[in-house]
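Subject: Handing over the two-chain model

Dear colleague,

I am passing on to you the structure we spoke about, and I would be glad if you could look it over with the notes below beside you.

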2 protein chains.
Amino acid sequence: MKLPAVTNLFADAGGAGETFETLLGGGGFDLERIVSRGQASPRGHWYDQERPEWVALLQGDAELEFDGGEMLALTAGDFLLIPAGCRNRVASVSDDAVWLALHHDG
Amino acid sequence: MKLPAVTNLFADAGGAGETFETLLGGGGFDLERIVSRGQASPRGHWYDQERPEWVALLQGDAELEFDGGEMLALTAGDFLLIPAGCRNRVASVSDDAVWLALHHDG
């Protein structure tokens, strides 16, 4: 048999710029890998998504800001469920940060 | 606003026994966290699943065996897509292993 291909979630971290990559998608969900490399959301930019997002910080450190001023400090392994319509931004993030996000129909 | 609850994927690794926990499920997929703690699949036991499984080893090391004798060595961050009906087992795994598995309808 042909063996499944193996890829690594932590590959190419520590480079330049933020990258988004859809790993898997289709029936009601999209699984996305995000490498942040120190790129916070632009000031005044809010993510405001139509679908709930399960998101895990797999490597690095980050601070999420919510649209009321609340902050959440995240460390490697932390995950949370962001409801649809819950405005948030990445206030700060380390330059080796790797995220896994699962957007789904709820 | 009430902040989303934060949980850590690497919590409780290094204990005893293998644990399975559904983190999220519903419309066409189930997201599962598995802590292996050195527990290989019993000899002669094969996973033979009706749905494709995206699986990532987030921490630790492991060897997957396929039903033809092929072996895949995995290290932290490695992920692969196991097709439905592709018989496989965990031949060996470190005692700190944490997996994330996304079973989906394909």
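What follows is a short account of what was found in it.

Please keep in mind throughout that this is a predicted model.

I begin with how the two chains are placed. Chain A is superposed on chain B by a rotation of 180° with 0.0 Å of shift along its axis, and the RMSD is 0.0 Å; that is the relation of a two-fold axis. Within chain A, the C-alpha nearest this axis belongs to A:G28, at 3.3 Å from it. The two copies use the same surface to meet, since 100% of the contact residues of chain A recur in chain B.

Next comes the contact itself. Chain A gives 34 residues to it and chain B gives 34 residues, and between them the two chains bury about 3100 Å², of which 77% is on carbon and sulfur atoms. The side of chain A that touches chain B is made up of 26 nonpolar, six polar and two charged residues. Between chain A and chain B the count of salt bridges is zero, whereas eight residue pairs are in polar contact, counting those with both residues at pLDDT 80 or more. Several strands of chain A give two or more residues to this side, among them β2 (19-26), β3 (29-35), β4 (53-59) and β9 (98-104).

Strand pairing also crosses from one chain to the other. β1(A) and strand β7 (residues 78-82) of chain B run antiparallel and are joined by two bridges, with A:T7 standing opposite B:F79. In the other direction, β7(A) pairs in the antiparallel sense with strand β1 (residues 7-8) of chain B, again over two bridges, and here B:N8 is the bridge partner of A:D78.

Which strands make up the sheet that β1(A) belongs to, and in what order? The sheet is an open one of six strands, antiparallel in its pairing, with the order β1(A)-β7(B)-β4(B)-β9(B)-β3(B)-β2(B). β1 of chain A and β2 (19-26) of chain B stand at its edges with a single partner strand each, so one side of each of them is left without a neighbour in the sheet.

Over all chains the count comes to ten salt bridges, and one of the pairs within chain A is A:R87 with A:D67, whose closest N and O atoms are 2.5 Å apart. Because A:R87 lies in the loop between β7 and β8 (88-93) and A:D67 in the loop between β5 (61-66) and β6, this pair ties together parts of chain A that are 20 residues apart in sequence.

The other place is A:S94, which lies in the loop between β8 and β9 of chain A. Leaving aside residues up to four places away in sequence, A:S94 touches A:R37, A:G38, A:G60 and A:D61. A:S94 and A:A73, which are 21 residues apart in sequence, have their C-alpha atoms 12 Å apart in space.

Technical notes: Residues numbered from 1 in each chain as written. Chains lettered and ligands numbered in written order. Predicted model: local features only at pLDDT ≥ 70, side-chain atom pairs only at ≥ 80, totals over all residues. Heavy atoms only, no water. Least-squares fit on C-alpha atoms with pLDDT ≥ 70 in both. Contact = heavy atoms within 4.5 Å. Buried area = accessible area lost by both parts, 1.4 Å probe. Salt bridge = Lys/Arg side-chain N within 4 Å of Asp/Glu carboxyl O. Polar contact = N/O pair within 3.5 Å; in protein donor to acceptor, adjacent residues only side chain to side chain. Helix = DSSP H or I, 4+ residues; strand = E, 2+ residues; numbered from the N terminus. Nonpolar A, V, L, I, M, F, W, Y, C, P; charged D, E, K, R; others polar. Pairing = 2+ DSSP bridges.
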